[in-house]
Amino acid sequence: MRSVVYPGTFDPITNGHTDLVARAAQLCDRVVVAVARDTGKSTTFDTDERVALAREVCGSLGNVEVVPFSGLLVEFARNMQVHVIMRGLRAVSDFEYEFQLAGMNRRMAPDIETLFLTPAEQYAYISSSLVTQIARLGGDVSAFVPPAVHAALRNRFG
């Protein structure tokens, strides 16, 4: 069975994230969307809300499961019996950070590989932090997030 873990804060999950999840679901038998509890930053939605939104958005994909995690990603992957970590690359600016993460993960867990996917062109500029900032300032983010996330952001920011 080919399994992949796609970790992230998903605060909130965007159309770029869901594009990558859907594409991974076509390539792999099992996709674990791992919602990070330990984000190192303040989040708009708590872990339970982020997990619930991701489950709602990815629910139609039968081979995708959404679970929260804390601690080291490589330990979580091992516990889930997954040997591939998937990361999204939107732009060249993402590459340096992602390259460092992949190197550290490889050093800690040589048995776990990192796979990079790029989102479809129309989603390459979308980031959760930009979406949240626009929503907080009263802008329309409906083109950037699934309807359930749009509704949650409207409820959060009025």
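Predicted model: local features only at pLDDT ≥ 70, side-chain atom pairs only at ≥ 80, totals over all residues.
I begin with the largest pocket. It holds about 1200 Å³ of space. The lining comprises 45 residues, and those closest to the pocket centre are P7, G8, T9, K41 and R87. Several secondary-structure elements give two or more residues each to this lining: strand 1 (3–8), strand 4 (84–88) and strand 5 (113–117), together with helix 1 (15–27), helix 4 (92–108) and helix 5 (128–136). Helix 4 supplies the largest share, eight residues. Sorted by class, the lining contains 18 nonpolar, 19 polar and eight charged residues.

I turn next to the helix pair. Two packed helices are described by the angle between their axes and the distance between the axes. For helix 2, residues 47–58, and helix 6, residues 147–157, the axes come within 9 Å and cross at roughly 150°. Angles over 145 degrees count as roughly antiparallel, and helix 2 and helix 6 are therefore roughly antiparallel to each other. On the helix 2 side, the contact involves E49, L53, E56 and V57; on the helix 6 side, A148, V149, A152 and R156. By class, this contact has five nonpolar and three charged residues, with no polar ones.

Finally, I consider L115, which lies in strand 5. Leaving aside residues up to four places away in sequence, L115 touches V84, I85, M86 and R87. L115 and Y6 are 109 residues apart along the chain, and their C-alpha atoms are separated by 9.6 Å.

Technical notes
Residues numbered from 1 in each chain as written. Heavy atoms only, no water. 1 Å grid on protein atoms, 1.4 Å probe; cavity = no way out; pocket = protein on both sides within 12 Å on 5 of 7 lines; lining within 4 Å. Points joined across faces, edges and corners; volume = space filled by probe spheres on them. Helix = DSSP H or I, 4+ residues; strand = E, 2+ residues; numbered from the N terminus. Nonpolar A, V, L, I, M, F, W, Y, C, P; charged D, E, K, R; others polar. Axes fitted to C-alpha atoms, helices over the stretch in contact; angles between N-to-C directions. Parallel < 35°, antiparallel > 145°, perpendicular 65-115°, else oblique. Contact = heavy atoms within 4.5 Å.
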